[in-house]
Amino acid sequence: MSTAGQVIKCKAAVAWGPGQPLIIEEIEVAPPKKGEVRVKILATGVCHTDAYTLSGKDPEGEWWPIVFGHEGGGIVESVGEGVTSVQPGDHVIPLYIPECGQCKFCKSGKTNLCSIVRSTQGRGLMPDETTRFTCKGQKLYHYMGCSTFSQYTVLSEISVAKINPKAPLDKVCLLGCGITTGYGAATKTANVQPGSTVAVFGCGGVGLSVIQGAAARKASQIIAVDKNPKKFEYAKKLGATDFVNPDDYDKPIQQVLIEMTDGGLDYTFECIGNTKLMRAALESCHKGWGESIIIGVAGAGEEISTRPFQLVTGRVWKGSAFGGVKGRSELPSLVENYLEKKFEIDMFATHQFKLGDINKAFEIMHDGDCIRAVISFE
Ligand SMILES: NC(=O)c1ccc[n+]([C@@H]2O[C@H](COP(=O)([O-])OP(=O)(O)OC[C@H]3O[C@@H](n4cnc5c(N)ncnc54)[C@H](O)[C@@H]3O)[C@@H](O)[C@H]2O)c1
Ligand SMILES: N[C@@H](CCC(=O)N[C@@H](CSCO)C(=O)NCC(=O)O)C(=O)O
C-alpha cells in the first residue's frame, strides 16, 4: 500500500542533547512538501562530523533534539509537488551540499557551495523554516539537510543525487561524505599533477581517500602521516609510498617532511581537524608553489595561524568542502567507477552495525581501528 501523502512512523536515532548517547525512538516523518522528497534510508555511514556536532563543539550545532547522519543511501519513497528530477523507486545519495544549478555559486563554475537551502539547513530546518520530524509531540531538527540516522527522511530535491540502482547502498552511501571529500580534495580542489609530491596528515576515511585521489593522479611520492600505525596498511593499499608517525621524531613534523622531500611538498592535506597540524601542513609545503588544503573540521573558537612570510614566499592555503564535488552532476560517475572496479570503496567499510547499536559505532570510531562504520536499517 502506498505511503505517499501520509505521515510515516519509523525508527530513528535521536540526539536529545549534546554529549548524550543517541536514543532509538519511534518518530513521525511528515510527507514531503513542494520541492522535497521523502527517502527510505537503507544504510548510512557514521562520520566524525556527526560525533563532532554531537559533542557540542560545532558552532552551528545548537539545535536539539536532532536526527544526525549525513552519509546515507536510500530509495525515494514519495515526492512533493513540482519534483521532476527523481521519482519513487530511484536510488539516491543525500547531499549536504546541494546543487541547484541556478544560484550565483552554482553558475560561477568556481565552487560546489550551492547557496540554496544553506541558511535554513545551518539551523536544522527545511527551506520553509519548519521540520518534517516529530517525536513525543516535540519537533526534531534536521542535520546538514540529510538526517540519515532515520529509516525515513525528507530532503530538498536539490539535495539528492540519483545513482545507478545496481550499486550496493551499504557501500556507496560512503560517497555521501568522507570518500568523496578526500578524493575530490586531491583531484578537484588541489588538482594534483602527475609526478608531484603529496603529504596527507591523518589517514582516516578522508585522508585515505586523498591518497586514493593522489594515486589516481599519478603523484610520484605520497607520504601518509598518522599517529596510528595501523592506518598505514590501508594507506599502502591505496597508493601511499612513505609512512611517517610524528611520535617517532623529536623534531617538528614539518622539518621531517621538508628534509624527506628536498625542500617541501607540492601538496599537503590536513584531514584531522587539528589547527596545529593545519599549520604544520602549510609549513611542509615547498617554497614558491606548495599548496596546503584544509579538510579537517576544527572546534568552535579555534583559529589557524602561521607567519605571513610563509604565504608571502608562495605557499598557498586553501580549504575544501565535500572535495569541491558537485553532488548531483558528479557523484553518479563516481558510483559508475566503483561498479567498474576503478574506484575503491569496500575497504573503507570496516565495521557494520544495525541501527539499535549506533552508539557502538560512535565508540568504535573513537578507538582508532575503524575507517567507517556502516549502519543498516533492515
Ligand atoms: N571538509 C569536509 O568537507 C569534510 C568532510 C568530511 C569530514 N571532514 C573532517 O575531516 C576530518 C577527518 O575525518 P575522518 O573521518 O577521516 O576522521 P578520522 O578520525 O577517521 O581520521 C583522522 C586520522 O587522524 C589521525 N590523527 C589524529 N591526531 C593525529 C595527530 N596529532 N597526528 C597524526 N595523526 C593524527 C588519527 O589516527 C586518524 O587516523 C574530521 O575533522 C572530519 O570532521 C571534513
Ligand atoms: N558547521 C561548522 C563546520 C562544519 C563543517 O566544516 N562542515 C563541512 C562538512 S563536514 C562533513 O563531514 C563543510 O563542508 N561544510 C560546508 C557547509 O556546511 O556549507 C562550523 O560552523 O564551523
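1. Which side chain does Lys230 meet in a salt bridge? The partner is Asp369, and the N to O distance in this predicted model is 2.8 Å, where a salt bridge stands for a side-chain nitrogen of Lys or Arg within 4 Å of a carboxyl oxygen of Asp or Glu. Side chains of opposite charge can pair when their charged atoms come close.

2. Some conventions apply throughout. Because the model is predicted, local features need pLDDT of at least 70 and side-chain atom pairs count only at pLDDT 80 or more, while totals for chains, interfaces and linings use all residues. Residues are numbered from 1 along each chain as its sequence is written, chains are lettered from A and ligands numbered from 1 in the order in which they are written, and side-chain values use heavy atoms, with hydrogens and water left out.

3. The chain falls into domain 1 (8–176 + 344–376) and domain 2 (182–321), with bounds that come from an automatic or database domain assignment. Taken over C-alpha atoms, the centres of the two domains are 29 Å apart.

4. At the interface, 16 residues of domain 1 are in contact with 17 residues of domain 2, contact meaning heavy atoms within 4.5 Å. The two domains bury about 1,300 Å² between them, 63% of it on carbon and sulfur atoms; this buried area is the accessible area (1.4 Å probe) that two parts lose on being put together, summed over both. Of the area that domain 1 buries against domain 2, Met347, Phe348 and Ile371 supply 39%, more than any other three residues.

5. The rule finds one salt bridge across the interface of domain 1 and domain 2.

6. Within the structure as a whole there are 18 salt bridges. One of the pairs is Lys33 with Asp128, whose closest N and O atoms are 2.8 Å apart. Lys33 lies in the loop between strand S2 (23–29) and strand S3 (36–45), and Asp128 in the loop between helix H3 (118–121) and strand S6 (133–135), so the pair ties together parts that are 95 residues apart in sequence. Helices (H or I, at least four residues) and strands (E, at least two) are DSSP runs, numbered from the N terminus.

7. Two backbone details deserve a look. The peptide bond from Trp64 to Pro65 is cis, with omega near -10 degrees, and Pro65 sits in the loop between helix H1 (48–55) and strand S4 (71–79). Ser147, although not a glycine, has a positive phi of about 50 degrees, and its place is the loop between strand S7 (138–140) and strand S8 (152–156).
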